[in-house]
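Here is a brief report on one protein chain, written for reading beside the structure. It covers the fold, the sheet, the rings and the charged pairs.

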Amino acid sequence: MSNPVDELAKYNVRPETKKIITEIVVGDILESSVSPLNPSMDVYEATSLLTKKGLTGLAVVDDERNIIGFYSTRSSLKLIYNEVYNRWPRSIVRDHMINDAHEVDIKTSLNDLIERYINAYFHTYPVTENGKYVGYVVLEKVIKHLLKNK
C-alpha cells in the first residue's frame, strides 16, 4: 500500500501541503449536522433523509450511540424498487443495513483517511470517539480540504 503523502511528491506538492495532510485529523473535518439512523426507521424515511441531505449513507446507532451498522442509498435501491414494483412488504433499516460500518476514530489522521478512501469504495465514514458515534466524514469534504490547501 502506498502512502498518499509520498504519492504527492510525484506531483511536486509543496512541503507545507504535506504538513497539512499529516497534522489534520478526522475530528477537524467531521460533519454532525444529520443525526444517525435508528434501526427501527422505515427504509423509505431513511432513504428520503439521505437523498434530501445529499448523503449516500449514515451510521445506524443504538440508544447509547454505539454503531451497530451502516445503511446506504446503494442498499436501498434494489429494496425500494422491489417494494414499489414487485409489491414487497415495507421494511426497516435494521433488516437491510450492513453490520460493518467501517467507522474511523476522531483522532485518525487525514493521511490515514485518504488511504482508506483510495483503497475502498466508501463515500461516508462514521466517526467515533471513545467508541461512540459523534458524526461522519464524507469524501467531498476531504477533497475540498485538499483543494483549499493545495
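## Strand 4 and its surroundings

Thr124 stands opposite Val138 in strand 5. Val104 has Val127 of strand 4 as its bridge partner.

Put together, three strands make an open sheet of mixed pairing, in the order 3-4-5. Strand 3 (104–105) and strand 5 (132–138) are the edge strands, each pairing on one side only. Strand 4 is mostly covered, with five of its six residues buried. Helix 5 (residues 110–119) lies across strand 3, strand 4 and strand 5. Its direction is about 145 degrees to strand 4.

## The whole chain

The protein chain has six helices and five strands. Along the sequence they follow the pattern α-α-α-β-β-α-β-α-β-β-α. The chain holds 150 residues, and buried residues make up 41% of them. Take the contacts between residues at least 6 apart in sequence: 59% of these join residues at least 24 apart.

How far can the coordinates be trusted? The average pLDDT of the chain is 86, and 85% of the residues score at least 70. Strand 1 (residues 57–61) has the highest mean pLDDT among the elements, at 97. Helix 1 (residues 4–9) has the lowest, at 54. Where pLDDT is low, the predicted coordinates should not be read in detail.

## Aromatic rings

The count of aromatic pairs comes to three. One of them is Tyr117 with Tyr125, an edge-to-face pair. Its ring centres are 5.0 Å apart, with 70 degrees between the planes. That angle is over 60 degrees, so the pair counts as edge-to-face.

Ring pairs also bring in Phe122, linking Tyr117, Phe122 and Tyr125 into a cluster. Is Tyr117 buried or exposed? Tyr117 is buried, with a relative accessible area of 10%. Tyr125 is buried too, with a relative accessible area of 2%.

## Salt bridges

How many salt bridges does the structure hold? It holds two. The table sets them out.

| Lys141 | Glu31 | 3.0 Å |

Start with Lys141 and Glu31, whose side chains meet in a salt bridge. Lys141 lies in helix 6 (residues 139–148), and Glu31 lies in the loop between helix 2 (15–23) and helix 3 (43–53). The pair therefore ties together parts that are 110 residues apart in sequence. Lys141 is partly exposed, with a relative accessible area of 30%. Glu31 is also partly exposed, with a relative accessible area of 24%.

Arg90 lies in the loop between helix 4 (73–85) and strand 3. Asp42 lies in the loop between helix 2 and helix 3, so this pair ties together parts that are 48 residues apart in sequence. Arg90 is exposed, with a relative accessible area of 54%.

Methods:
Residues numbered from 1 in each chain as written. Predicted model: local features only at pLDDT ≥ 70, side-chain atom pairs only at ≥ 80, totals over all residues. Heavy atoms only, no water. Pairing = 2+ DSSP bridges. Helix = DSSP H or I, 4+ residues; strand = E, 2+ residues; numbered from the N terminus. Contact = heavy atoms within 4.5 Å. Axes fitted to C-alpha atoms, helices over the stretch in contact; angles between N-to-C directions. Phe/Tyr/Trp six-rings, centres within 6.5 Å; stacked < 30°, edge-to-face > 60°. Buried < 20%, exposed > 50% of the residue type's maximum accessible area, 1.4 Å probe, protein only. Salt bridge = Lys/Arg side-chain N within 4 Å of Asp/Glu carboxyl O. pLDDT = per-residue confidence, 0-100.
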